[in-house]
Amino acid sequence: MLVKDCIIETGVVRRGMLVRDVFAECGRTHVQALPVLSEKGKITGRVTLKSIMKFSCLPEYMVELAPLLGSFLSCVDNAEEKVNQVLCSQVDPYVLKAGTFIDPDAPAIKALAMMEKSDTSYLFVVAEGQYLGIITIQGIAERMSEMVTCSVDRVS
């Protein structure tokens, strides 16, 4: 199985886009990151749902005290207003360095190894400098599950 067998085609991020649009595209394609492209079509960075959530919604003390938090958080005032503020802001402050790329003709096992090495669950697929899509560990697992028919019947 090759990387190109598991590519998820996504939209891309341009500087000045709204966070709302990034969230919508990540939700539509079931990915957690998107590449940021320059006007010339080159990947110049990436945005991740995790980084946007972490830097816009989670004070450091909440992360540190997460196991102790209860169901009612009186410290979160005006949550709806905060959500609107984040979603209607530009994505530019959340752009991270580009990350790791992989060629579409590479074996999927190489993609898994590169993900493990980079402590991530996705890679951007690039050929001749052009963004083709993203490969995720979930996408590889889904593709693998489609390829195999198990001979053992389960008894329920």
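Predicted model: local features only at pLDDT ≥ 70, side-chain atom pairs only at ≥ 80, totals over all residues.
**Charged pairs, aromatic rings and a helix crossing**

What does the side chain of Glu146 meet? It meets the side chain of Arg143 in a salt bridge, at 3.5 Å from N to O. Arg143 itself is partly exposed, with a relative accessible area of 30%. Both residues belong to helix H6, which covers residues 137-147. They are three residues apart there, which means that about one helical turn separates them.

Let me place this pair among the others. How many salt bridges does a search of the whole structure find?

The next pair is Arg20 with Asp21. The closest N and O atoms of this salt bridge are 3.3 Å apart. Arg20 is partly exposed, at 43% relative accessibility, and Asp21 is also partly exposed, at 31%.

A further salt bridge joins the side chains of Lys4 and Asp105, with a distance of 2.9 Å from N to O. Where do these two residues lie? Lys4 lies in the segment before helix H1, residues 19-29, while Asp105 sits in the loop between strand E3, residues 101-102, and helix H5, residues 108-117. The pair therefore ties together parts that are 101 residues apart in sequence. As for accessibility, Lys4 has a relative accessible area of 45% and is partly exposed. Asp105 is likewise partly exposed, at 47%.

I turn now to the aromatic rings. By the rule applied here, the count comes to two aromatic pairs. In one of them, the rings of Tyr122 and Phe124 have centres 5.7 Å apart and planes at 55 degrees, so this pair is tilted. Are these two residues buried or exposed? Tyr122 counts as buried, at 8% relative accessibility. Phe124 is buried as well, with a relative accessible area of 0%.

Phe124 also takes part in the other pair, with Tyr131. Here the ring centres are 5.8 Å apart and the planes stand at 80 degrees, so the arrangement is edge-to-face. Tyr131 is buried, as is Phe124. Taken together, Tyr122, Phe124 and Tyr131 form one aromatic cluster.

From rings I move to helices. The axes of H1 and helix H2, residues 49-57, come within 11 Å of each other and cross at roughly 140 degrees. How are H1 and H2 oriented to each other? They are oblique. The reason is again a cut-off, because angles have to be over 145 degrees to count as roughly antiparallel. The crossing of H1 and H2 is left-handed. Which residues make the contact? From H1 come Val19, Val22, Phe23 and Cys26, and from H2 come Leu49, Ile52 and Met53.

Two residues deserve attention for their backbone angles. As a general point, most residues other than glycine have a negative phi. Asp119, although not a glycine, has a positive phi of about 50 degrees. Asp119 is found in the loop between H5 and strand E4, residues 122-127, and counts as exposed at 74% relative accessibility.

The other residue is Glu128, which is not a glycine either and has a positive phi of about 50 degrees. Where is Glu128 found? It is in the loop between E4 and strand E5, residues 130-136. At 82% relative accessibility, Glu128 counts as exposed.

With 52% relative accessibility, Cys88 counts as exposed. Along the chain, Cys88 and Met17 are 71 residues apart, and their C-alpha atoms are separated by 9.3 Å.

To conclude, I would ask you to remember three things. Lys4 and Asp105 meet in a salt bridge. Tyr122, Phe124 and Tyr131 form one aromatic cluster. Finally, H1 and H2 cross in a left-handed manner. Thank you for your attention.

Key
Residues numbered from 1 in each chain as written. Heavy atoms only, no water. Salt bridge = Lys/Arg side-chain N within 4 Å of Asp/Glu carboxyl O. Helix = DSSP H or I, 4+ residues; strand = E, 2+ residues; numbered from the N terminus. Buried < 20%, exposed > 50% of the residue type's maximum accessible area, 1.4 Å probe, protein only. Phe/Tyr/Trp six-rings, centres within 6.5 Å; stacked < 30°, edge-to-face > 60°. Axes fitted to C-alpha atoms, helices over the stretch in contact; angles between N-to-C directions. Parallel < 35°, antiparallel > 145°, perpendicular 65-115°, else oblique. Left-handed = near helix turned anticlockwise from the far one by under 90°. Contact = heavy atoms within 4.5 Å.
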